[in-house]
Amino acid sequence: MPTNDTPARKGLIGSLVRQSHNGLYYYINESIVRGILAAGYEQVTMEAQAGMRTEGALIDRFIDMGVSGVIITSNIFMTPDMFDRLRAAHIPAVAVEREYLSEGIDSLIVRDVSACRDVVERMMRAGHERIGLVAMKPKRGVEKQRYEGFLSAFHAAGIRPDYDLIRLVDGYDIQYGRIAGESLFALPKPPTALLCTADLLAAGVMQAAFARGLRVPDDLSIVGYDDVISKWLSPPINSVGLIVSEIGANVMELLEKRMADPDRPTECRMIDTVYADRGSVRTLDRKKETVIRFE
């Protein structure tokens, strides 16, 4: 029972995360938990195990617990049936990092297009022309947006992207980054700069670069994404990070607005990004004039 000094809690909010090597999701969930508690609710976090498709069972657990709402972080395995079960139980949901517009779910997503375009434009201003990409195959929203952002920088500059310098992989994993890096560095004209759409991919690329005797940034400029492990790599590298601290308050505001008005139009908010510059993009020397001297 709450005391006179302890305000009564409003209910219970469930947070569904996925098991992942990408520690970003845990930082996001930390912000979500803070937002839940600050809004006056209790919270429970459940983790869907990678490769086991436990999302449906966990959604049923949330329903059985009588939660007031559910927050879903970057989960590609949510199905229409799961959302139908939440709706039947009158439990609103909000999605973070990935959106489910077809399901009418409010969402908070990252400005991936502009963030990736900004990275490439920075590389261009540093004098790089052979700019490559290591990214997950653009089959879903987040991956499509990051790929679109990469290409849009070239289109805006009136330059045709060099598709030979693009490697699209099957997952956000170090091994995929290493394989992509080995393939790129074997080219007759490898890239001088690379955007990797996850720090884990960048770590794998750097393993391939090290095996070839390439140095960052002297021989290869590289930028990661998520800014989770980039500062711990050797050397530390530039990365695109999310302003995670704002997520919890925003997601709870969306959830409470949906609780108050279940029939309101679906809302999508954007998570801003920040570019962490640690010196891993080298500015190339300007072409020097050839001076002919006559004796």
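Visitor: Before we start, which residues count as nonpolar, which as charged and which as polar?
Guide: Ala, Val, Leu, Ile, Met, Phe, Trp, Tyr, Cys and Pro count as nonpolar, Asp, Glu, Lys and Arg as charged, and the others, Gly among them, as polar.

Visitor: And what kind of model is this?
Guide: The model is predicted, so local features need pLDDT of at least 70 and side-chain atom pairs count only at pLDDT 80 or more, while totals for chains, interfaces and linings use all residues. Residues are numbered from 1 along each chain as its sequence is written, and side-chain values use heavy atoms, with hydrogens and water left out.

Visitor: Let's take pockets. What volume does the largest pocket have?
Guide: The largest pocket has a volume of about 450 Å³. On a 1 Å grid over the protein atoms alone, a pocket is an open set of points with protein on both sides within 12 Å along at least five of seven lines, a cavity is a set where a 1.4 Å probe fits but cannot get out, and lining residues have an atom within 4 Å of a point. Points are joined across faces, edges and corners, and a volume is the space filled by probe spheres set on them.

Visitor: Which residues lie nearest the centre of that largest pocket?
Guide: Of the 21 residues that line the largest pocket, Arg-18, Gln-19, Ser-20, Gly-171 and Tyr-172 lie nearest its centre. By class, the lining of the largest pocket divides into 8 nonpolar, 8 polar and 5 charged residues.

Visitor: What about the second largest pocket, what is its volume?
Guide: The second largest pocket has a volume of about 310 Å³. It is lined by 16 residues, and those closest to its centre are Arg-87, Ile-91, Pro-92, Arg-258 and Pro-262. Its lining has 8 nonpolar, 3 polar and 5 charged residues.

Visitor: How does α3 sit against α2?
Guide: The axes of helix α2 (residues 55–65) and helix α3 (residues 80–88) come within 10 Å and cross at roughly 5°, where axes are lines fitted to C-alpha atoms, for helices over the stretch in contact, and angles run from 0 to 180 degrees between N-to-C directions. The contact (heavy atoms within 4.5 Å) is made by Glu-55, Gly-56, Ile-59, Asp-60 and Ile-63 of α2 and by Met-82, Arg-85 and Leu-86 of α3. Counted by class, this contact of α2 with α3 has 4 nonpolar, 1 polar and 3 charged residues.

Visitor: How many bridges join β1 to β2?
Guide: Strand β1 (residues 12–18) is joined to β2 by 7 bridges, and the two run parallel. As one example, Gly-14 has Val-44 as its bridge partner in β2.

Visitor: And the order of the sheet with mixed pairing?
Guide: This open sheet of 6 strands runs in the order β7-β6-β8-β9-β10-β12, and its pairing is mixed. The edges are held by β7 (166–169) and β12 (273–276), each with a single partner strand, so one side of each is left without a neighbour in the sheet. Neighbouring strands of this sheet are turned by 15° against each other on average, direction ignored.

Visitor: Which strands of it does helix α4 touch?
Guide: Helix α4 (residues 112–125) packs on the sheet and touches β6 (131–136), β8 (193–196), β9, β10 and β12, with its direction making about 165° with that of β8. Helix α6 (residues 174–185) also packs on the sheet, touching β6, β7 and β8, and its direction makes about 155° with that of β7.

Visitor: Last topic: how many cavities of 30 Å³ or more are there?
Guide: The structure holds 2 of them, and the largest cavity has a volume of about 70 Å³. Its lining has 5 nonpolar, 2 polar and 5 charged residues, and α5 gives the largest share, 3 residues. The second largest cavity holds about 40 Å³ of space, and its lining residues include His-21, Asn-22 and Asp-226.

Note on methods. Two strands pair if DSSP finds at least two bridges between them. Helices (H or I, at least four residues) and strands (E, at least two) are DSSP runs, numbered from the N terminus.
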